[in-house]
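Here are a few friendly notes to read with the model open beside you. Take the points one at a time and find each residue as you go.

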Amino acid sequence: FADIEKFASYAFAKAHAAAYAFITYWTAYFKAHFPTEFMAALLTSVQDSIEKVAAYIEECRGMGIQVLPPDVNESDVGFTPVGEGKIRFGLGAIKHVGESAVAAILAARSFRPFRDFLDFCLRVDPEKVNRETLECLIKAGAMDCFGLTRKGMMALVEEGLRLAQKFHRERLSGQVSLFGDELVLPTLPVIQEEYARQELLRFEKELLGLYLSAHPLDFYAEKLRALGVTPLDQVMGHPQALIAGRVKTLKTVSTAEGRMAFVTIEDKTGEAEVVVRPRVFESAAWLREESLVVMRVVWSERNGLARLSALSLEPLGEEAAFSRCWIRLSLSALNAEKIQELVRTISDHLGPVPVGVVVIDGEREARVLAGPRYGVTPTPELAEALRRLGAEMTLE
């Protein structure tokens with residue numbers, strides 16, 4: 001009776017079980033015989049959940065199905081099959097790109113594909129595709145089809161929106177060009193410079209929910225093989241293992257022994273939470289979200305709960321070995337415009353190294369630590385960009 005009572009809390013009537021079995025048969029048949037179309041439909045059904053999209057794209061990779069980046073000239077609202085074993089990422093699955101914006105893009109594209117960046121700006125409704133939407137489309141790679149760098153297109157956003165608003169007002173007021181809607185577009189300066197590869201991947205992760213074109217660990221694949229790193233989906237059950245990945249979240253708590261952390265680390269196979277106790281955590285002042293780390297961990301199980309604890313951790317990227325990046329500039333050159341330019345420059349070179357600003361006034365100086373969101377990757381490109389602002393970068 002106890003077994004029957006337990007089963008009664010979730011028991012299927014025969015009709016219910018038969019219906020489930022029939023749907024299971026259908027979906028299994030579609031997945032076996034039309035895998036590309038099936039996975040495209042499955043991804044579309046969960047495109048409002050970044051976590052589920054990421055999980056199903058990993059399933060696609062395991063099935064040998066390639067998920068292509070979004071494309072304003074080819075993507076639909078949802079995920080669409082575009083050939084054998086290929087699925088195009090849906091515009092509706094890009095973060096901060098709403099349904100009305102996608103509808104406006106598809107309506108403008110229905111006549112013919114967009115020729116270039118300015119053609120796109122002029123043909124879509126600027127009331128539906130605003131600055132934030134345009135920048136998200138660029139950063140997500142949806143406009144790579146125009147042959148410009150993403151950094152180059154970001155520099156054209158201001159002028160593109162200005163021309164779009166002007167053209168839209170003229171159309172609403174009834175002004176029509178002698179040549180119809182075919183405009184002679186101005187020639188705008190083209191910036192060939194591109195964001196750092198790590199920055200492009202960060203954009204993908206932020207807006208698409210996953211690293212689509214590559215993973216930050218790909219840059220260290222040879223080093224990780226030499227170290228003998230264990231993938232996260234295989235680490236449970238190992239008494240001790242070496243793991244590597246990107247810090248997804250970092251939560252710190254204070255204890256009687258000192259500050260400790262709960263770190264969620266992810267690699268290409270999955271993610272896991274690692275407990276970093278005070279003795280280990282106090283030696284990792286560089287550790288922050290987005291850091292790439294190598295950890296020696298021990299696996300244990302208590303009261304039916306499995307956990308990983310860090311025995312040691314080291315930065316994977318060379319830049320993480322620096323504890324602080326100081327930006328030195330004169331107080332006399334500091335104004336609101338310069339501060340905005342400085343913030344933009346830092347935002348273009350985000351990374352794991354904390355930032356501090358040294359303001360110099362004659363023989364005196366003041367040091368200000370930036371918030372945790374303003375870490376940088378100290379590169380020659382960053383140093384040159386700061387030099388153009390009249391600032392100097394030093395590392396410690």
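1. Which residues line the largest cavity? Keep in mind that this is a predicted model. The lining is made up of F120, C121, V124, P126, V129, L134, L161 and A164. Two elements, helix 6 (117-123) and helix 8 (150-172), each give two or more residues to that lining.

2. Now for the space itself. Rolling a probe the size of a water molecule over the atoms shows where empty space is left. Searching the whole structure turns up one cavity of 30 Å³ or more, and the largest cavity holds about 40 Å³ of space.

3. How many disulfides does a search of the whole structure find? The search finds zero. C121 is in no disulfide, and its nearest cysteine sulfur belongs to C145, 12 Å away. C145 itself is partly exposed, with a relative accessible area of 37%.

4. Finally, look at the surface. F22, I23, Y25, W26, Y29, F30 and F34 form a nonpolar patch there, and together they have about 760 Å² of accessible area. One of them, F30, sits in helix 2 (residues 14-33).

Terms used:
Residues are numbered from 1 along each chain as its sequence is written. This is a predicted model: local features need pLDDT of at least 70, side-chain atom pairs count only at pLDDT 80 or more; totals for chains, interfaces and linings use all residues. Side-chain values use heavy atoms; hydrogens and water are left out. Patches are made of residues with over 30% relative accessible area and no salt bridge: like charges are joined within 9 Å, nonpolar side chains (Val, Leu, Ile, Met, Phe, Trp, Tyr) within 5 Å. Accessible areas come from the Shrake-Rupley method with a 1.4 Å probe; for residues, only the protein chains shown count as cover. A salt bridge is a side-chain nitrogen of Lys or Arg within 4 Å of a carboxyl oxygen of Asp or Glu. Helices (H or I, at least four residues) and strands (E, at least two) are DSSP runs, numbered from the N terminus. A disulfide is a pair of cysteine sulfur atoms within 2.5 Å. Buried means under 20% relative accessible area, exposed over 50%, partly exposed in between (1.4 Å probe, protein chains only). On a 1 Å grid over the protein atoms alone, a cavity is a set of points where a 1.4 Å probe fits but cannot get out, and a pocket is an open set with protein on both sides within 12 Å along at least five of seven lines; lining residues have an atom within 4 Å of a point. Grid points are joined across faces, edges and corners, and a volume is the space filled by probe spheres set on the points.
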